[in-house]
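Below are a few exercises to work through, each with a solution to check yourself against.

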Amino acid sequence: MIVTALVDNSRLENRPDLGVERGLSLHISTMGKQLLFDAGSGQTFCDNAARLGIRIQDVDAVAISHRHHDHCNGVRHFIERNTSASVYFRDCENQDYRFKAFGFSSNVGIDKGLLDTMLFDKGLPGKNNSQLNLIQDTTEILPNVFLIININQKYPQPKGNQYLYTESEQGCQHDSFDHELMMVVKEEDGLIVFTGCAHNGVLNMVDTAVTLFPDTRIKAVVGGFHLVGLPVFNSIGGSKEDIREIGKQLLSYPIDKLYTGHCTGMKAFGLLKEVLGDKLEHLPTGRRVEV
């Protein structure tokens, strides 16, 4: 498998030509197929793909980890360029998503017109009638590529979740992340787990993969771990010992490598690095790794 970070919060120092944004989009080449995991918040991932020699038109399927704008709003630009790939979201209630802290509130949710656009475009000349897919259970979207919505809750969710809310007809409440999914790719020599932001907890996602695929090596865990507290201050969610403990628990699982960035936060990354050492690597925009 080859994983390329099309967009992340930072970029390779030797690639000033690549755009960055607070978002995530990963291109994955595996078993003769091309996947996109998340699409950032805008067109940046498409522009970067062209500069990295990746053709968006050749992507076979797109998985969106959750309905925060920095992971899904770029889908609008994807479907302008690729009219045949299936795009997968987790099915959930129609609601607003907000960040709230110290009297400040901002919309962090999906562009609600996006799903409407995909629905209303169905049947138009040149459009694939089934490009949008809303999943309600574990789904094998391509051979040995699984989207999983039932995530184990053995460990606490990230403490940074405390600032994230949903608003609907039922009122305002803490986000339960019933819109989040994880992806597992099963290759001949092991699993690769993709986390998005891991709002349900990276440990819970790893534990889910181990439960569903027992006695199987995890070659890599890839994505954000949401260990940041307040992003504007790059603070950590919880204490330093909380973060180190997550690293210690990760060591108890059969994981070869972890590649992260985006919402993990650089302070938390440093604390994890103390525990995980060479197992943990940063995955900025433009980096390509063979797993």
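Here come the ground rules, then the exercises with their solutions.

This is a predicted model, so local features need pLDDT of at least 70 and side-chain atom pairs count only at pLDDT 80 or more, while totals for chains, interfaces and linings use all residues. Residues are numbered from 1 along each chain as its sequence is written, and side-chain values use heavy atoms, with hydrogens and water left out.

**Exercise 1. Find the largest nonpolar core and the residues with the most contacts inside it.**

Step 1: A nonpolar core is a set of buried Ala, Val, Leu, Ile, Met, Phe, Trp, Tyr and Cys residues joined through side-chain atoms within 4.5 Å. Buried means under 20% relative accessible area, exposed over 50%, and partly exposed in between (1.4 Å probe, protein chains only).

Step 2: Pick out the core. The largest one has 31 residues, and V221 and L250 have the most contacts inside it.

Step 3: Helices (H or I, at least four residues) and strands (E, at least two) are DSSP runs, numbered from the N terminus. Those giving two or more residues to this core include β15 (218-222), α6 (240-251) and β16 (255-260).

Step 4: Zoom in on V221. Leaving aside residues up to four places away in sequence, V221 touches V193, T195, V202, V206, I255, K257, L258 and Y259, where contact means heavy atoms within 4.5 Å.

**Exercise 2. Work out why strand β5 (residues 86-90) is largely enclosed by the rest of the structure.**

Step 1: Count the buried residues. Five of the five residues of β5 are buried, so the strand is largely enclosed by the rest of the structure.

Step 2: Check the faces. In a regular strand the side chains alternate between the two faces of the sheet. On one side of β5 sit S86, Y88 and R90, on the other V87 and F89, and all are buried.

Step 3: Look at the neighbours. Two strands pair if DSSP finds at least two bridges between them. Strand β4 (residues 61-63) pairs with β5 in the parallel sense over three bridges, and V62 has V87 as its bridge partner. Strand β8 (residues 132-135) also pairs with β5 in the parallel sense, over four bridges; here R90 is partnered with I135.

**Exercise 3. Which elements do the buried residues of α1 pack against?**

Step 1: List the buried residues of helix α1 (residues 44-51): T44, F45, C46, N48 and A49.

Step 2: Follow their packing. They pack against β1 (2-7), β2 (25-30), β3 (33-37) and α3 (75-81).

Step 3: Look just past the helix. G53 takes a positive phi of about 75° there.

**Exercise 4. How many salt bridges does the structure hold?**

Step 1: Apply the cut-off. A salt bridge is a side-chain nitrogen of Lys or Arg within 4 Å of a carboxyl oxygen of Asp or Glu. The total comes to 16.

Step 2: D96 and K112 form a salt bridge, with their closest N and O atoms 2.9 Å apart. D96 is in strand β6 (residues 96-101) and K112 in helix α4 (residues 112-120), so the pair ties together parts 16 residues apart in sequence.

Step 3: Find a network. Salt bridges link E187, D189, R217, K219 and D256.
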